[in-house]
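Reader: I have the sequence and the structure open. Can we go through some of the contacts together?
Author: Go ahead and ask.

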Amino acid sequence: MPLEDPGAYALLLKGMLTVALLTFVSLFFVSAAYGRHARAGWGPTLSARAGWILMEAPSPVVFALLWALGDPARRGSAPGLAFLGLWLLHYVYRAFIYPFRVNSGSRRMPVFIAVLGVVFNLFNATINARWLYGLGPLLDAGWFRDPRFLAGILLFFAGWYINHQSDRILLHLRKPGETGYRVPQGGLYRWVSCPNYLGELIEWGGFALLTWSPGALVFWLWTAANLVPRAWTHHGWYRRQFRDYPKERRAIVPYLF
Ligand code: NDP
């Protein structure tokens, strides 16, 4: 079983935090070359749909595998099952349904980006599942009444809803076959350019709270390191692209950033 040793686990978390910090700074200077920021010079490419499936599939698969191989008491406990359900709720959609809903035509993605996504998701599913089904405390159903769980589950579903609502608005901006961009309206687009990313951040912040797990906290910090700079880049792109872009709209945090 990987990462039986708490020392090795802690070392992995520290390594991931270091890389997250470097990623956060770098992404303000170099945007990841997929979607509207796709450009030549990033090596061989694959279809964006295949890239999304490849990147995201390791997450539900590895998490479910480590759940199945985990400590029987933890994996069979009510909180242990709830954590599994929440993880799969997000990742089965993201890996196997979302890629078939997007309308990105023949858009391609660098293999390099997809490989980075695979590596991240392998590590991320591991640090999360290993804590919840091995190294972390054994929780019973009383955990469902803990304020951390109650606040976390509210945040998780609020973020999940915002993420889905925002992505749904984007996916309806194009007619079949179109690949251009329009100014999104409605939902939280009233306040920010990337409410889908904001929803994702709230959702995984909720997960960190409801699991009270160091692995989930590192995941949340990673999500911020990845999505805050990308929202900033998207926001700048919208403002350059559309002269009448709403002035009051911010990148990802209403009124602030
Ligand atoms: P984007 O917002 O960049 O794009 C989402 C989809 O909508 C793409 O198909 C895009 O097309 C299309 N789209 C975006 N803006 C417009 C517009 N103005 N007009 C028309 N179509 C538009 O999101 P990402 O692709 O970066 O991410 C997709 C999902 O994955 C999000 O929910 C995000 O939160 C999540 N995600 C999570 C990460 C994490 O770290 N947890 C990391 C990355 C993503 P096109 O591809 O052609 O640009």
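Reader: Start with His-37: buried or exposed?
Author: His-37 counts as buried, at 7% relative accessibility. Buried means under 20% relative accessible area, exposed over 50%, and partly exposed in between, with a 1.4 Å probe and protein chains only. Before going on: this is a predicted model, in which local features need pLDDT of at least 70, side-chain atom pairs count only at pLDDT 80 or more, and totals for chains, interfaces and linings use all residues. Residues are numbered from 1 along each chain as its sequence is written, and side-chain values use heavy atoms, with hydrogens and water left out.

Reader: Where is His-37 found?
Author: In the loop between helix H1 (6-27) and strand E1 (45-47). Helices (H or I, at least four residues) and strands (E, at least two) are DSSP runs, numbered from the N terminus.

Reader: And what does the side chain of His-37 make a polar contact with?
Author: With the side chain of His-234, at 2.9 Å. A polar contact is a pair of N or O atoms within 3.5 Å; within protein, one must be able to donate a hydrogen and the other to accept it, and residues adjacent in sequence count only if both atoms are side-chain atoms.

Reader: On to the ligand. Which residues come nearest?
Author: Tyr-34, Asp-167, Tyr-181, Arg-182 and Tyr-197, of the 26 residues around the ligand. To be near, a residue needs a heavy atom within 4 Å of the molecule or strand.

Reader: What about distances to side chains, say Tyr-34?
Author: An N or O atom in the Tyr-34 side chain is 2.7 Å from an oxygen atom of the ligand. For Arg-36, a side-chain N or O atom is 2.7 Å from a nitrogen atom of the ligand. Asn-196 has a polar side-chain atom 3.0 Å from a ligand oxygen.

Reader: Which ring does the charged end of Arg-36 sit over?
Author: The ring of Tyr-238, 4.8 Å from its centre. The charged end of Arg-174 sits over the ring of Tyr-181, 4.7 Å from its centre. The rule asks for NZ of Lys or CZ of Arg within 6 Å of the ring centre and within 35 degrees of the ring normal.

Reader: How many aromatic pairs are there?
Author: The count comes to 28 aromatic pairs. One of them is Phe-156 with Phe-157: the ring centres are 5.4 Å apart and the planes at 85°, so the pair is edge-to-face. Rings of Phe, Tyr and Trp (its six-membered ring) pair if their centres lie within 6.5 Å; planes under 30 degrees apart count as stacked, over 60 as edge-to-face and the rest as tilted.

Reader: Is Phe-156 buried or exposed?
Author: Phe-156 is buried, at 0% relative accessible area, while Phe-157 is partly exposed at 38%. Ring pairs link both into a cluster whose members include Trp-87, Tyr-133 and Trp-222.

Reader: Now H5. Where does it bend?
Author: At Arg-94, by about 45°. The bend is the angle between axes fitted to the seven residues ending there and the seven starting there.

Reader: Which residue caps the N-terminal end of H5?
Author: Ser-77, with a side-chain oxygen 3.0 Å from the backbone nitrogen of Gly-80.
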